[in-house]
Amino acid sequence: MSLPESLERAATELPALAAQIRPANGDPHRLLDELGQAEAGQLLGWMLDEAASAADELVEEWGEDDRGIAILLEMNETGISKPGRKLLRKARHRLRSQGIEVKASEASPAAQATRRSVVAKADKWQAAHVSAPDFRGARMGYLVDSHPSGGARLFEIRFDEGRGLLDFKIYNAGRTKVRGFLKSLTSDSGRRLFEVDREALRALVWRAAQAQPVDRPLPTAYVEWRARLFSDELEKEATPGDLARQALKPADLNSAVATLADQVRAGTLGPWPPATAWVGDWMDKGRESVEGLEAAPRGEAIDGWITQVTEALAADSDQKLIGRHLEELAWLRWQAEEEEEAGQLLAVSAALGADGEAVTQLTRARVESLFEPFLASLRVVEESALDDAG
């Protein structure tokens with residue numbers, strides 16, 4: 001039975017508390033707002049005794065609020081079922097590990113109040129997560145802060161270092177819901193988010209904001225929160241990719257370039273395409289280059305077109321930006337304990353600003369990935385033409 005369902009049952013069986021339980025709508029922190037300390041203790045005792053499985057969530061949430069901690073400290077185990085007692089002791093052990101004395105029965109009211117004030121200073125839940133980039137380099141970032149009135153405030157940010165802030169949304173929800181959402185995206189199966197240093201993520205978002213095109217205003221919500229979360233002081237902070245470069249050693253460049261080029265061709269890396277119009281224009285030129293040609297001349301024309309596109313893409317790409325994409329991917333590999341792969345990404349990242357051969361190899365692979373279906377169609381000679389030749 002879920003926590004909201006258990007609380008509805010509690011409201012039915014504890015009618016004197018029903019008017020305070022139901023308005024909270026299943027939110028543990030709103031329950032603390034609605035109930036007095038004695039009534040909250042009565043509810044917790046009932047939950048521990050009658051619905052221990054759902055009480056686990058309630059105890060976890062209350063263990064992060066100084067009001068809830070006071071109730072956990074003062075709860076008498078007498079009359080509570082074994083699962084409930086076990087849950088309460090586990091919560092108190094967790095508090096003890098944080099340096100909080102949990103034997104409330106042996107403490108004076110003044111001492112308890114002092115401990116609660118210390119807890120209040122630490123009662124600030126923060127979290128930061130970031131996604132892997134998509135094929136263009138766009139990522140999702142999530143910043144979490146405790147909400148002053150209880151629950152949590154979730155900042156959902158879609159950004160791209162080359163294209164700026166693409167979206168910026170704010171959600172207010174209970175901590176349980178926010179935790180559940182983040183957990184669903186960070187589980188080992190189908191993992192889509194990685195926990196990240198909070199300052200590093202803020203620096204990454206700040207850097208993306210500096211690339212905002214002049215014809216696309218920054219999201220309103222970002223502007224409202226910029227002074228509090230994304231000040232210019234973040235220019236000095238390291239991004240996740242910077243942290244990876246500081247911690248890891250680059251691999252051998254030659255083998256790294258070859259490996260990454262194969263990954264680009266296979267579609268597992270990049271290919272960081274330029275504007276759609278750029279791709280379309282070069283497809284038109286490709287069709288013109290092979291018009292009326294067959295066999296060897298057609299193949300030579302296609303090879304020549306690929307060389308031209310590679311040179312154009314190298315010239316039209318921001319190699320420093322692609323290098324930063326590789327650094328950020330290196331951080332992801334590092335988090336996955338794939339240090340060899342991370343070292344390869346760092347080696348190529350550093351080379352893109354100085355090694356022309358590395359740029360050419362990687363750009364050629366990008367072209368082959370970007371135009372793979374189109375190149376396949378260019379290499380097909382119409383059957384009717386073959387019949388006529390026969």
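Two residues are in contact when heavy atoms of theirs lie within 4.5 Å. Keep that in mind for the close-ups below, which all come from a predicted model.

**View 1. Glu327 and the residues around it.** Leaving aside residues up to four places away in sequence, E327 touches G241, D242, A244, R245, L346 and S349. You'll find E327 in helix α16. Is E327 buried or exposed? Its relative accessibility is 12%, and buried means under 20%, so E327 counts as buried.

**View 2. Helix α16 from end to end.** Helix α16 covers residues 319-335, which makes 17 residues. Here's a quick check you can follow: at 1.5 Å a residue the helix should span 24 Å, and its end C-alpha atoms are 25 Å apart, so the two agree. Much of this helix is tucked away, with twelve of the 17 residues buried. While you're looking at the helix, here's a handy rule: an α-helix has 3.6 residues a turn, so residues three or four places apart point the same way.

**View 3. The two ends of α16.** At the start of the helix, look for D318: one of its side-chain oxygens comes within 3.1 Å of the backbone nitrogen of K320. Now hop to the other end. Just after α16 sits E337, with a positive phi of about 60 degrees.

**View 4. Phe155 meets Trp225.** The structure has ten aromatic pairs, and this view picks out one of them. The ring centres of F155 and W225 are 4.9 Å apart and the planes meet at 75 degrees, so this pair is edge-to-face. F155 belongs to strand β3 (residues 152-160) and W225 to helix α11 (residues 220-229), so the pair ties together parts that are 70 residues apart in sequence. Both F155 and W225 are buried.

View 5. How buried are they? F168 has a relative accessible area of 5%, and F230 has one of 0%.

**View 6. Charges over rings.** Take another look at W225: the charged end of R228 sits over its ring, 3.9 Å from the centre. Elsewhere, K285 lies over the face of W282, at 4.2 Å from the ring centre.

**View 7. Gln263 in helix α13.** Q263 is part of helix α13 (residues 253-266). With a relative accessible area of 23%, Q263 is partly exposed. Leaving out residues up to four places away in sequence, Q263 touches T268 and L269.

**View 8. Zooming out to the whole chain.** The protein chain has 20 helices and five strands. Of its 390 residues, 46% are buried. Take the contacts between residues at least 6 apart in sequence: 67% of them join residues at least 24 apart. The chain exposes about 19800 Å², with carbon and sulfur atoms supplying 49% of that.

Technical notes
Residues are numbered from 1 along each chain as its sequence is written. This is a predicted model: local features need pLDDT of at least 70, side-chain atom pairs count only at pLDDT 80 or more; totals for chains, interfaces and linings use all residues. Side-chain values use heavy atoms; hydrogens and water are left out. Helices (H or I, at least four residues) and strands (E, at least two) are DSSP runs, numbered from the N terminus. The expected span of a helix is 1.5 Å times one less than its number of residues. Buried means under 20% relative accessible area, exposed over 50%, partly exposed in between (1.4 Å probe, protein chains only). A polar contact is a pair of N or O atoms within 3.5 Å; within protein, one must be able to donate a hydrogen and the other to accept it, and residues adjacent in sequence count only if both atoms are side-chain atoms. Rings of Phe, Tyr and Trp (its six-membered ring) pair if their centres lie within 6.5 Å; planes under 30 degrees apart count as stacked, over 60 as edge-to-face and the rest as tilted. A charge sits over a ring if NZ of Lys or CZ of Arg is within 6 Å of the ring centre and within 35 degrees of the ring normal. Accessible areas come from the Shrake-Rupley method with a 1.4 Å probe; for residues, only the protein chains shown count as cover.
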